[in-house]
Amino acid sequence: MRQVGDKVSYVKNPFARNSYFCLTLAVLGLALGAASMYLSVTRAGQGGLNTGVYGFSSLAAALMGLWYGGCSFMEKDRNYILAKIGISISVVLVIVWAVIIITSIVR
């Protein structure tokens, strides 16, 4: 609900433009991460270069999704639900990849 002058507008606020990029990058990162895990499991840990590239691309897409999600909150009078969903997915992906990287370094 927005107030326009002395009238109240019940038209929904449009989605933030950057929230589309945020959600798209988060879903892309999730798909690349799933592909990386699938290759690693099916090849018994010997996934090769493709597995690493998919994993790194998943982490990069998640970080870029976080950036665009943060930028979407700078837009005024917008609907931020897509940005919130994208940021949630991206945060989970970054945490998962951080745990995997730390575990592989410590081991």
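**Figure 1. Aromatic pairs in the predicted model, with F21 and Y68 in close-up**. Searching the whole structure of this predicted model turns up three aromatic pairs. In one of them, the ring centres of F21 and Y68 lie 5.4 Å apart with their planes at 45°, so this pair is tilted. Follow the chain and you will see that the pair links distant parts of it: F21 belongs to helix α1 and Y68 to helix α2, 47 residues apart. F21 is partly exposed, with a relative accessible area of 43%. Y68 also counts as partly exposed, at 28% relative accessibility.

**Figure 2. The tilted pair of F73 and Y80**. Here the ring centres are 5.1 Å apart, and because the planes of F73 and Y80 meet at 45°, the pair is classed as tilted. F73 has a relative accessibility of 34% and so counts as partly exposed.

**Figure 3. E75 in the loop between α2 and α3**. This view settles on the loop that joins α2 (49–72) and α3 (81–106), where E75 is found. Its relative accessibility is 17%, so E75 counts as buried. Look for the E75 side chain reaching the backbone nitrogen of N18, at 3.2 Å. Setting aside residues up to four places away in sequence, E75 touches A16, R17, N18 and Y80.

**Figure 4. A26, a buried residue of helix α1**. A26 sits in helix α1, which spans residues 17–42. With a relative accessible area of 0%, A26 is buried. Beyond its neighbours within four places in sequence, A26 is in contact with G86, I89, S90 and L93. The C-alpha atoms of A26 and V91 are 9.2 Å apart, although 65 residues separate the two along the chain.

Definitions and conventions. Residues numbered from 1 in each chain as written. Predicted model: local features only at pLDDT ≥ 70, side-chain atom pairs only at ≥ 80, totals over all residues. Heavy atoms only, no water. Helix = DSSP H or I, 4+ residues; strand = E, 2+ residues; numbered from the N terminus. Buried < 20%, exposed > 50% of the residue type's maximum accessible area, 1.4 Å probe, protein only. Polar contact = N/O pair within 3.5 Å; in protein donor to acceptor, adjacent residues only side chain to side chain. Contact = heavy atoms within 4.5 Å. Phe/Tyr/Trp six-rings, centres within 6.5 Å; stacked < 30°, edge-to-face > 60°.
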